[in-house]
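Open the model in your viewer and keep the selection tool at hand. The stops below say what to select next and what is there.

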Amino acid sequence: MFSRPSLCGNLGRLCRNGTAAAISAPTTLPALSALALSDARGYHEVVGDIICPSQVRGIDHIRDPRLNKGLAFTLEERQVLGIHGLQPARFKTQEEQLQLCKIAVNRYTEPLNKYLYLSDLHDRNERLFFRFLSENIEDLMPIVYTPTVGLACQRFGLIYRRPHGLFVTFNDRGHIFDVMKNWPEPNVRAICVTDGERILGLGDLGACGMGIPVGKLALYTALAGIKPHQCLPIVVDVGTNNIDLLEDPLYVGLRQKRVVGREYDDFIDEFMEAVVKRYGQNTLIQFEDFGNHNAFRFLDKYRNNYCTFNDDIQGTAAVAVAGLYASKRITGKSLKDYTFLFAGAGEAAIGIADLVVKGMVAEGVPIDEAYSRIFMVDIDGLLTKTRKVGSLDGHKVNYAKDIEPMADLEQIVSTLKPSVLIGASACAGLFTPKILRTMGENNERPIIFALSNPTSKAECTAEEAYHNTDARVIFSSGSPFPPVTMGNKTYYPGQGNNAYIFPGVGLGVICTGTHHIPDDMFLIAAQELANFVEPTDIERGSLYPPLSSIRDVSMNIAIGVTKCAYDKGLASTYPEPQDKRKWLEDQLYNFNYESSMPVTWTWPRMPYIKTRAESPLIAAIK
């Protein structure tokens with residue numbers, strides 16, 4: 001859903017590999033009759049954002065979602081384009097269509113049915129879809145992204161209709177570039193890729209994880225104005241270890257166990273090289289929902305050679321740190337004054353912890369002291385240098401402490417007395433009432449973030465957090481929770497959604513042609529997001545601004561990222577713009593309809609010049 005279909009348009013059919021130029025023998029002409037060409041026309045007739053009028057027929061304005069305006073075509077447009085009579089007599093404005101969309105989507109009670117309606121809308125009318133999404137993001141964010149997108153991934157084999165992204169399978173190794181060439185858009189600037197191994201908190205969904213990159217890139221457009229044709233969702237399908245999927249007759253991916261080891265790494269290497277070969281070195285590659293054991297490896301491996309980031313690590317970190325910055329207004333404390341305990345030691349937890357360390361260092365704290373203030377728990381208990389079970393591989397070792405091992409989370413909380421408790425474990429109910437009460441007893445204003453997605457995997461609910469701390473908690477979650485009423489006050493807990501971060505970062509990176517993405521950009525994004533929080537947001541119980549303001553947040557983040565890119569010499573777009581806001585705004589997608597009429601203009605009257613009399617041609621050559 002929500003991205004460019006991979007069916008080639010008219011221009012691609014005519015120009016690919018010089019096919020049109022090769023058609024010269026008279027014996028081939030009967031096969032290229034007008035009827036055959038008409039039947040062969042693809043789903044999309046245009047590529048890029050510059051339409052060549054000679055390549056588009058009138059009927060294409062109805063068939064192609066990028067051109068279609070539904071009943072908003074004027075009488076003149078209908079008559080000139082030759083589509084008059086193909087629609088009823090009613091003329092509607094885009095505003096009237098938006099009202100109809102709202103009525104239609106609200107008729108459905110099941111979130112998955114709303115998801116399918118929005119998918120169908122995008123397949124019919126691209127501009128209407130993105131404007132509807134961007135102007136109703138508070139209502140539609142839970143549909144196009146978590147939690148409903150998780151259900152859509154689980155049902156992907158049942159609801160799949162048409163291609164909305166690129167599937168690159170392990171069987172394509174050696175030919176990944178050839179697969180990349182099949183995508184009809186020549187100017188892709190942002191790719192979101194997953195191998196489906198760790199979809200939200202749902203585990204290995206294999207090729208069914210396509211819903212994640214599709215949803216992410218829809219938010220790139222809706223929230224940051226990145227042009228949809230510049231976005232490409234990709235699944236690298238190397239199989240799945242989910243037995244239920246392997247035995248499911250509706251599963252659409254490779255029916256085999258996951259490829260691992262050297263073969264897997266070589267496959268991903270080939271994929272990265274193919275992206276650069278096809279779209280250029282500055283193509284943004286966002287890694288999404290890879291397994292913990294691969295996410296950090298790939299980030300460390302590629303971050304200095306490609307324009308890439310991992311949203312589960314860096315995006316989650318930025319939105320969490322923004323919440324911590326905002327909490328300063330309540331507690332009056334800085335990051336260096338907190339003691340942190342992370343429940344979970346995967347990519348999200350490590351990413352947040354690393355950015356917290358960077359934030360403390362920016363406040364003047366020595367890096368060793370910053371690490372000492374962060375404790376972490378994995379499935380085997382507290383990360384310590386002396387524990388006998390569990391591993392301390394990768395980035396975990398930075399947070400292992402030289403203290404006695406402990407395995408029980410309630411005991412750990414009671415002993416360490418953290419001021420900040422962050423859940424990134426995908427373990428529902430991990431924060432028991434006793435743990436929440438202990439946090440409340442040890443802190444005047446305990447900070448508790450239950451960040452696991454979807455809602456069913458959250459460590460605790462907002463209601464549990466408020467009730468067990470006498471409403472003194474500073475709470476944030478990864479998925480939305482309903483308001484909580486205690487006494488005569490209602491709290492509206494904020495959702496620490498990555499969508500506050502990655503669209504703005506993506507916009508700044510794409511527009512500047514940034515080579516590599518340093519962590520500094522995510523710390524800047526966190527600060528910009530925290531700066532956008534108003535006192536009224538804090539008063540209502542939220543550490544984040546309303547989702548309705550997220551487009552303004554994205555622009556501020558993009559401006560900060562743009563400044564960083566030029567200051568650090570990472571940008572490749574020159575000259576550096578002086579008015580960065582206007583420069584960015586000039587490159588945004590237009591959600592409003594444009595005229596479907598070809599541009600016409602007048603010529604001046606030709607001056608009169610008397611011409612000579614005509615004379616016969618003389619063929620003699622002397």
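Select Asp378 and Lys396: both aspartate 378 and lysine 396 are buried. Their side chains meet in a salt bridge, 3.1 Å from N to O. Because aspartate 378 sits in strand β7 (residues 374-378) and lysine 396 in the loop between β8 (381-382) and α20 (409-416), the pair ties together parts that are 18 residues apart in sequence. Keep in mind throughout that this is a predicted model.

**Other salt bridges**

The structure holds 30 salt bridges. Side chains of opposite charge can pair when their charged atoms come close.

Next, select Asp204 and Arg258, whose side chains form a salt bridge at 2.9 Å, N to O. Aspartate 204 is in the loop between β2 and α13 (211-224), and arginine 258 is in the loop between α14 (243-246) and α15, so this pair joins parts 54 residues apart in sequence. Aspartate 204 has 12% relative accessibility and counts as buried; arginine 258, at 9%, is buried too.

Then go to Asp123 and Arg162. The closest N and O atoms of this salt bridge are 3.4 Å apart. Aspartate 123 belongs to helix α7 (residues 111-124), while arginine 162 lies in the loop between α11 (156-159) and β1, 39 residues apart. Are the two partners buried or partly exposed? Aspartate 123 counts as buried, because its relative accessibility is 11% and the limit is under 20%. Arginine 162, at 31%, counts as partly exposed.

For a network of salt bridges, select Arg198, Asp289, Asp312 and Glu347, which are linked in this way.

**The sheet and its helices**

Switch to a cartoon view and colour the strands β1 to β5. In which order do the five strands lie in the open sheet? The order is β1-β3-β2-β4-β5, with parallel pairing. β1 (166-169) and β5 (308-310) are the edge strands, each pairing on one side only. On average, neighbouring strands are turned by 25° against each other, direction ignored.

Zoom in on β1 and β3 (residues 231-237), which pair in the parallel sense over four bridges. Here threonine 169 stands opposite aspartate 237 in β3.

Helix α16 (residues 292-302) lies across β4 and β5, at about 160° to β5.

**A surface patch**

Finally, show the surface and select Val599, Trp601 and Trp603. They form a nonpolar patch with about 500 Å² of accessible area together. Valine 599 lies in the segment after α27 (580-585) and is exposed, with a relative accessible area of 68%.

Note on methods. Residues numbered from 1 in each chain as written. Predicted model: local features only at pLDDT ≥ 70, side-chain atom pairs only at ≥ 80, totals over all residues. Heavy atoms only, no water. Pairing = 2+ DSSP bridges. Helix = DSSP H or I, 4+ residues; strand = E, 2+ residues; numbered from the N terminus. Axes fitted to C-alpha atoms, helices over the stretch in contact; angles between N-to-C directions. Contact = heavy atoms within 4.5 Å. Patch = residues over 30% accessible without salt bridge, like charges linked within 9 Å, V, L, I, M, F, W, Y side chains within 5 Å. Areas by Shrake-Rupley, 256 points an atom, 1.4 Å probe, with all protein chains shown as cover. Salt bridge = Lys/Arg side-chain N within 4 Å of Asp/Glu carboxyl O. Buried < 20%, exposed > 50% of the residue type's maximum accessible area, 1.4 Å probe, protein only.
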